[in-house]
Amino acid sequence: MHPRERLPYSPIEGRAPLRLPKGVRLVVWPVLALEEWDMGRPMARMVISPPQGQPMLPDHPNWSWHEYGMRVGFWRLRKVMQKLNINPTVTLNARVCETYPSVVKACIDSGWELNAHSYDQVPMHKLDDERAVIDKSMDIIEKFSGKRPRGWFGPGLTQTFDTLDYLSEAGVEYIGDWVLDDEPVTIETRHKPIVALPYNFEIHDIVMMALQNHPSDEWHGRALDHFDVLYAESAERPKFMAIACHPYLSGVPHRIGHVERTFAEILSHDGVVAWDGSKILDWYLTEGRMRDAA
Amino acid sequence: MASPMIPRERSDYSAIVDRPPLKLPGNARIVFWTIVNYEVWDIGKPMARQLLPAPTGVPLMPDVVHWGFHEYGMRVGCWRFFELYKKLGIKPTLAANARICEDYPRVAKEARDAGWEFMGHAYEQGPIHKETDQAGMINRTMDIMEKFCGKRPVGWLGPGLTQTLETPDLLAAAGVKYIGDWVYDDEPTVIKTTRGPLVTLPYTIECNDIPVMIIQHHNSDYLLKLVMDQFDRLYAESAKRAKFCTLAIHPYISGQPHRIKYLEQIYDYVNRHEGVLHWNGEQIFDWYRGVAKTEAAA
């Protein structure tokens, strides 16, 4: 289905506001992404290109750049999250359960929500059988954790016109790939409707650090600018702020301090809470239904 | 058929130091020209801009994520713009794909009712070189906007400022009076077309959030710094001759929460100065045809 068939255009202006529980005006949605970069393929992102600039396989330098995130960066981020009492949504390639089981186990032991992020870090367009990969990803994570994921992120947020239908069939209740609104929206599929939670890819460490090459402290600068406006607007209607972290980027020594102070400063405001995707979804399923019925 | 004119045939070289100064009315010395861009990104095509290429960087279609990125500007970001310009009492130029009148009538109506100037900006977002019937597309764009606004647009901006050699002739034939695509002067100029003279207004590709934020990846506050620097110099020079400071913005970029306050601060800064007019393109054109006595005014 064409995206417009799944969701009609709706301006936020004039839309009835949703209501968060008493005392809450802005919800921060921390997202921590865990990936598997297969050495047999080009690496998902590159921090350094080979001499003369031509892509080379195997790409050992960038593979090890990512691997650092799983060996060291993740554990550093976990300490920060625990210190600030934040339970992020962990979106993971299902294959991470096979290659880095101790990392996934640490997430489960911390009570963090697991969200499916395909099997490994390959665009959905490149899969021979999208439906099978979606089912397999959901099954592996369910088997490993004892709980079927409720949410999904496409690798690199990629989707084809069919992806949402397969996701709904596989039991996915919410996605983060649609960055088109400040509020959750309900989108049609050929199966059951899915909720798109208000994600964004500007407050996102890959976009800011690996693609736009900002200085490390811009992690904090842009996030606080973003927060200031949403917080002011949240006096009139609830606002949501997703923040996306990858261990190989946000878990490195020169950025972790900026990550920590960003979360600490934002969460020190009255009426600001950190919820995972599952909790935002549960709230929206009740509140959104009430609004739309009104 | 004669081959179309190259730009030099349309406009002789002219040094600004050799030209008599233009004079704005009263004590005004500089015009601040705001251009807001509202577009339609068709999901059936590659998206106009990309923030997050797919893993391994290969372009893939459909590109739902960037469709959503742009759609945010129309669902949320543009309302931050409407509120700002209402508060400031500014009626900017709206460079809009004509298709917004069909796909986003709520947004187009808001701009029309707020008195914004509608400027032709192609039917939808894609380089004009790729149009199979450029004249047809231009006329259709102008007709749709005329029907929607009750008034034919006076100005035109190519999508991504693109033009082929024929474009100025086709625009003049469609009734366009001024264009913004020639960023080659600090002042309006008159260029030749096969259908009479056409005015170019001093538009900018630098004080524009697409290059600054999406292509050059500057920090959120950098557009403010850039425009302040641009304005300071033009303002100093405007003691001697009329100057124009132009700003082009898009709701999916400058309408993002982390950037909007810097856009607001641009106006706070500019408005602290004496002799600043907030005119849109049509107002600049109307003034210019008076002082330059150009036939394009006829």
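## A loop residue in chain A

Asn85(A) sits in the loop between helix H2 (60–83) and strand S2 (89–92) of chain A; helices (H or I, at least four residues) and strands (E, at least two) are DSSP runs, numbered from the N terminus. Its phi is near 60°, a positive value in a residue other than glycine.

This is a predicted model, where local features need pLDDT of at least 70, side-chain atom pairs count only at pLDDT 80 or more, and totals for chains, interfaces and linings use all residues. Residues are numbered from 1 along each chain as its sequence is written, while chains are lettered from A and ligands numbered from 1 in the order in which they are written.

## Confidence and the build of chain B

The predictor gives the complex an ipTM of 0.76 and a pTM of 0.86. For chain B the mean pLDDT is 93, with 98% of its residues at 70 or more; pLDDT is the predictor's confidence in each residue, from 0 to 100.

Chain B has 10 helices and 9 strands. Its radius of gyration is 19 Å, close to the 19 Å that the globule rule gives for 298 residues, so chain B is as compact as a globular protein of that length. The radius is taken over C-alpha atoms, and the rule is 2.2 Å times the number of residues to the power 0.38. Along its principal axes, the C-alpha trace of chain B spans about 55 × 55 × 40 Å.

There's also a cis peptide bond in chain B, joining Met61(B) and Pro62(B) with omega about 0°. Pro62(B) lies in the loop between strand S1 (30–38) and H2 of chain B.

## Helix pairs within each chain

In chain A, the axes of helix H8 (residues 218–233) and helix H10 (residues 253–267) come within 9 Å and cross at roughly 15°. Axes here are lines fitted to C-alpha atoms, for helices over the stretch in contact, and angles run from 0 to 180 degrees between N-to-C directions. That crossing angle makes H8(A) roughly parallel to H10(A); angles under 35 degrees count as roughly parallel, over 145 as roughly antiparallel, 65 to 115 as roughly perpendicular and the rest as oblique. Among the H8(A) residues that meet H10(A) are Trp219(A), Leu224(A) and Phe227(A).

Chain B has a pair of its own: helix H8 (residues 222–237) and H9(B) pack at about 20°, with their axes 9 Å apart. That makes H8(B) roughly parallel to H9(B). Leu223(B), Leu224(B), Val227(B), Met228(B) and Phe231(B) in H8(B) meet Tyr262(B), Gln265(B), Ile266(B), Tyr269(B) and Val270(B) in H9(B). By class, this contact has 9 nonpolar, 1 polar and no charged residues; Ala, Val, Leu, Ile, Met, Phe, Trp, Tyr, Cys and Pro count as nonpolar, Asp, Glu, Lys and Arg as charged, and the others, Gly among them, as polar.

## Where the chains meet

Across the interface, 30 residues of chain B are in contact with 42 residues of chain A (C-beta atoms, placed from the backbone, within 7 Å). On the chain B side, the elements giving two or more residues are helix H2 (64–88), helix H4 (105–113) and helix H9 (257–270). H2(B) gives the most, with 11 residues. That side has 19 nonpolar, 7 polar and 4 charged residues.

H8(A) also packs against H9(B), at about 80° and with axes 6 Å apart. That makes H8(A) roughly perpendicular to H9(B). Arg222(A), Asp225(A), His226(A), Asp228(A), Val229(A) and Leu230(A) of H8(A) make the contact with Pro257(B), His258(B), Ile260(B) and Lys261(B) of H9(B). This one comes to 4 nonpolar, 2 polar and 4 charged residues.

Note on methods
Contact = placed C-beta atoms within 7 Å.
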